[in-house]
Amino acid sequence: MTDFAFLRDMVGAGPAGTAGSTPHHATAALAEADRLMTVCNSCRYCEGLCAVFPAMEMRRSFSDGDLNYLANLCHNCGACYHDCQFSPPHEYAVHVPATLAQVRTESYAQYAWPRAFAGLFARNGLVIAVALALAVTIFIAGFVAWTDPFVLFGVHVGPGAFYRLMPHNTMVAIFGLAMLYAVFAIGMGVRAFWRDIGEPEATLRDPGSLWQALKDAGSLRHLDGGGAGCMNENERPSDRRRLHHHLTFYGFMLCFAATSTATLYHYLLGMQAPYPWYDLPVLLGTAGGIGMVIGPIGLLREKWRRDPGLRQGTPVGMDVAFLLMLLLTSLTGLALLVLRATPVMGLLLALHLGVVFALFVTMPYGKFVHGIYRFLALVRAAKERHRELAPGDR
Amino acid sequence: MTAASQHEEYDVIVVGGGNAALCAAISARREGARVLVLEAADAFWRGGNTRHTRNMRCAHDAATASLSGPYGEEEFFDDLLRVTKGKTDEPLARFMIRESKSMLGWIEEQGVRWQPSLGGTLSLGRTNSFFLGGGRAMLNALYQTAEDLGVEIRYEAEVTDIEIDDGRFRSVTVAGERLPARALVAAAGGFESNIDWLKRYWGEAAENFLIRGTRNNKGTILRLLLDKGVQEVGDPTQCHAVAIDARAPKYDGGIITRLDCVVFGIVVNRRAERFYDEGEDIWPKRYAIWGRLVAAQPDQIAYIIFDASSLELFMPSLYPPISAPSIRELAERLELDPDALVHTVTSFNAAVQPGTFDDRILDDCRTEGLAPPKTHWARRIEKAPFYAYPVRPGITFTYLGVRVNQEARMTMADGRGAPNMFAAGEIMAGNVLGEGYAAGIGMTIGAVFGRIAGREAARSVLS
């Protein structure tokens, strides 16, 4: 019987003699992702599960840019792991979610701006914790240093109550700068990602693809295992992760809307915070805050219960740090709302502002960026699908 | 626990854990029976060859969301007659095809999801229904449904003996434990992974066979049943066998080692000679003959040879092709006689007639004055680099089995129907498949007869 070991050697084979499409990759995770995509491309049973496999089928070889694109397209729903006849312990060891999760996390670091901060993704839980501790300490210390104790621990009600502790302009300057920095750093990351995957800039201006990606992202279309639901603790699908992600995301957006409305009130209508409970900023913020309490707790619970096989490759520290940051933001915000007419308001305000400040400045260096790159990957996937359906339109 | 309840804790024991077994278990349970499933594999490897499947061929009168057009009973039967060359139990086959119509809905009711045909399998989009996520996803859904209904499932529970008393099933033995029940459904697959058994018919050649699926189908249950008086059906040398990449592992290489490029090139044996018309028919209708063709060649190996113009015309497969800048060097890499391969390719090229190449139809590209001919898609192999895939016979499943009737009830050697023994899936596929294969029909046999076997087994004990 002819032994084909010599052929396997020729192609630089991985498990069971399988090999990727391209000999050189920047990291081991990318090389493994190439090997897996080569296996998956010759099977294709999973093509109905999500956007990753149809995008894979459009390719015969996989560069690092292609793999970073596919990795960011993956929603880690886990369906392909449980549906795969070749997942471990099969000798082909096909574990697409774990490998793509690893590639994805590495890609966040690769796109980080400035480059010197790429390392912040490596020990992200620690980084976020330190940032949080520093921000909260500085805000509390600042309040204590600059405010008369009588004012800090006094009871303030009526318009402008918060600004007796920190002038509105100071607040706007600090948070405006933090926000601008985050937006700029993330924007630089977007530029790096788009260049890496090699998609023309024009796609980012294509309204059809943007709209499709908005719908896909807004509904988490690909976090449903092709319709059955995503897999978490075992092969029984459920929709809980999607539900809690919706609560978290839409909660976040409502809080954002609350802040934006308040800003408009302040500058356009001259109405100063705090606002009465029935006014729009408070209603939006309360609804959003509640979503941002239940959502992250639900996601943390799902993470806790996750199948150990599916937990592989996921950066638990980074995920948990971001969820806790969101949870702390909503909890301190809601506490501030409830206790704003009591003597603890001053310290609570310092605490809340510290948390929000830490959230802002760490946004470009943590889990937050997953939404940005995934949305962009969805834009490209929509464009590619469109191109495939209308080949003349290339 | 009383002696009586201990005696028959289960109404129906299902031996096996694939599509046929689970359909039987679910259907018996839905009839009200207490059901125990005995799966030889562990929870990961459960489901035998069903893990590697992706679709099921069912008759249907109209297009659906996942099927591109109607596929009537007559057309299905004609396809079956053609692939089996008439070697089928016609009333049973017609019955199965009729029953297959309701399987599309029934399987969906058990939690399985359909999707339109997979990329690269367009020619099956009208006839075959594809499982969303493939065969393992299908199995996961069936197991969940079975568990939710209260079917008891034991893993790593290999049955080593069956107690049959004058044609009546009494019990099975698992790890020395006797498990009695009132009826048996045998759905434990063929004997394809038992190389020694294959050698009885194939000789030493069987050592060179690769088994595409589970290593658990050793035919233990089939052997026990035949030895204890159940009537045999089918030719023991007949099986579903395709030519797969010779570099594939011995077991469980599955779908990804298949090669869809035969029609684009030529196939030569160890002597670098062609041996069959590579362009006989559209590939999905012919892929299943190549396993036997290669099995009949010296050392059970062959090489698909093609050139750069064909490289991207077929589905990619797991291992990259072996390539070389010339036919001579390609032969050296494959350890074939370079002169012989150059001669074969040169004479093939000389025989190719002008034509318009179209791999979607039976085109007019053919050879003239060549033996064997290539009747379609014949194009000269001339554009470097040149490529080759080494192929070996890949056995999917064997057809030797137990005879059953339309109730999936086993027939004893003396022609009587067994009162409480039923069979479904590969273990009785030979009733329908005398030889040949049509894509997806194994799953039809499993699901249709599984559902019936479970129902009839339950009724036989509950009535």
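Mentor: Of the 463 residues in chain B, 56% are buried. Please bear in mind that the model is a predicted one.

The largest nonpolar core comprises 254 residues, and Val12(B), Val14(B), Ala187(B) and Ala423(B) are those with the most contacts inside it. When its neighbours within four places in sequence are set aside, Val14(B) is in contact with Ala21(B), Ala24(B), Ala25(B), Val35(B), Val37(B), Leu38(B), Val185(B) and Ala187(B). Among the contacts in chain B with a separation of 6 or more, 76% join residues 24 or more positions apart.

Chain B is built from 12 helices and 19 strands. Its radius of gyration is 23 Å, close to the 23 Å given by the globule rule for 463 residues, so chain B is as compact as a globular protein of that length.

Let us turn to the partner. The contact draws 36 residues from chain A and 36 residues from chain B. On the chain A side, helix 1 (5-10), helix 2 (28-41) and helix 5 (79-83) each contribute at least two residues. Helix 5 of chain A gives the largest share, three residues. That side of chain A consists of 16 nonpolar, 11 polar and nine charged residues.

Chain A itself is divided into domain 1 (5-111) and domain 2 (115-389). The centres of these two domains of chain A, taken over C-alpha atoms, are 31 Å apart. Where they meet, 30 residues of domain 1 of chain A are in contact with 33 residues of domain 2 of chain A. Helix 3 (52-57), helix 4 (64-73), helix 5 and helix 6 (96-111) of chain A each supply at least two residues of the domain 1 side, and helix 6 of chain A provides the largest share, 10 residues. The domain 1 side holds 17 nonpolar, 13 polar and no charged residues.

The buried residues of helix 12 of chain A, among them Leu284(A), Met292(A), Val293(A) and Leu299(A), pack against helix 11 (240-269) and helix 14 (316-338) of chain A.

Technical notes. Residues numbered from 1 in each chain as written. Chains lettered and ligands numbered in written order. Predicted model: local features only at pLDDT ≥ 70, side-chain atom pairs only at ≥ 80, totals over all residues. Contact = placed C-beta atoms within 7 Å. Helix = DSSP H or I, 4+ residues; strand = E, 2+ residues; numbered from the N terminus. Nonpolar A, V, L, I, M, F, W, Y, C, P; charged D, E, K, R; others polar. Rg over C-alpha atoms; globule rule 2.2 N^0.38 Å. Buried ≥ 20, exposed ≤ 12 C-beta atoms within 10 Å, placed from the backbone. Core = buried A, V, L, I, M, F, W, Y, C linked by C-beta atoms within 7 Å. Domains from an automatic or database assignment.
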